Amino acid sequence: MPQPLRKEQPLVSVVIPAYNVASYLGEAVESLFAQTYQNLQIIIVNDGSKDDTAKIADALAQKDKRVQVIHKANGGVSAARNDAFKAVRGDYVCFLDADDVYLPEKVEKQVAYLESHPDVVLVHCDYLVGNETFQNLELIKRGHPPAPLEQVFLYCNWFPPLTPMLRSSLVKKVGFFDTTLAGGEDWDYWIRCLEYGKFAHIPETLAMYRRHAKQSHHNQSMMRRDETKAIEKRYHKNPRKYRVAMGARNWFYAKMYKWYGKPLPMLRELALFVLNVRNPFEMRLIMKAMDE
């Protein structure tokens with residue numbers, strides 16, 4: 001049975017990388033101000049923004065002393081999170097991209113879970129995905145992976161940065177995000193986290209992910225390049241895992257080309273999927289993981 005929180009509430013550090021997000025940053029931080037759990041350190045890293053992001057971040061810090069702003073030259077999301085890590089003081093760490101929001105009970109429920117489950121190093125949750133104004137919401141559940149997480153993360157990134165909360169002791173062990181990756185950097189980080197302990201899932205919807213045109217994942221050539229780089233980094237000494245991970249990417253892009261109505265690239269990716277994965281059972285697992 002879950003145990004009550006410590007009398008002195010542990011501090012939670014929330015890491016917010018921010019690059020040209022003047023339209024969204026205020027809403028993201030206001031979702032932290034609205035948390036039912038208030039013992040927060042909110043670290044905004046202005047990553048060399050050219051719009052009013054810096055001005056808005058400084059105004060938020062003036063509004064609430066829990067907000068700390070770091071201004072730096074543009075270096076990408078990994079470098080921004082790494083600079084925030086150097087300022088973290090909390091017992092727990094979570095991530096909030098500046099275009100997303102937390103629902104009010106996210107921090108409280110995740111702290112309560114980690115406080116009562118000392119064997120867990122990271123806990124994640126379900127989340128909603130919507131358009132730029134958070135309409136047409138779709139619920140994404142991540143509680144029942146089709147295989148053990150170590151295997152599922154070979155196939156795909158199982159959850160985005162806004163859903164987990166980590167122990168700061170885990171962050172210290174895992175170290176920094178890989179700054180050579182502009183895409184797939186969180187996928188790489190979660191795989192590294194898995195080496196140090198157990199992940200858990202809260203079957204509740206506690207965050208909202210915003211889709212919009214300026215997101216980096218729309219740059220498919222960059223995403224594919226860096227996903228391939230992450231796979232090579234992680235699995236270059238294990239030919240089978242390398243093939244399977246590359247095959248899973250082939251399945252992902254086959255689905256994408258089908259969506260865009262491009263049959264020839266789709267068929268090429270499907271052929272590579274079969275050639276790389278080879279095992280029909282594992283092919284079905286990859287399909288299931290991608291369809292969850």
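**Entry: V120**

I began with V120 and, leaving aside its neighbours within four places in sequence, I found it in contact with Y113, L114, R167, K198, F199 and A200. I note here that I am reading a predicted model. I then looked up where V120 sits, and it lies in strand β6, which covers residues 120–130. Is V120 buried or exposed? Its relative accessible area is 1%, and because buried means under 20%, I count V120 as buried. I also checked A200 from the list of contacts, and although V120 and A200 are 80 residues apart in sequence, they are 6.5 Å apart in space, C-alpha to C-alpha.

**Entry: helix α3**

I listed the buried ones as S78, A79, A80, R81, N82, A84 and F85. What do the buried residues of α3 pack against? I found the strands β1 (12–18), β2 (40–47), β3 (67–72) and β4 (92–95), together with the helices α6 (168–174) and α7.

**Entry: helices α7 and α8**

The crossing in which α7 passes α8 is right-handed. On the α7 side I noted W187, D188, I191 and R192, which meet E227, I231, K233, R234 and Y235 in α8. I sorted the residues of this contact into four nonpolar, no polar and five charged.

How values were computed: Residues numbered from 1 in each chain as written. Predicted model: local features only at pLDDT ≥ 70, side-chain atom pairs only at ≥ 80, totals over all residues. Heavy atoms only, no water. Left-handed = near helix turned anticlockwise from the far one by under 90°. Helix = DSSP H or I, 4+ residues; strand = E, 2+ residues; numbered from the N terminus. Contact = heavy atoms within 4.5 Å. Nonpolar A, V, L, I, M, F, W, Y, C, P; charged D, E, K, R; others polar. Buried < 20%, exposed > 50% of the residue type's maximum accessible area, 1.4 Å probe, protein only.
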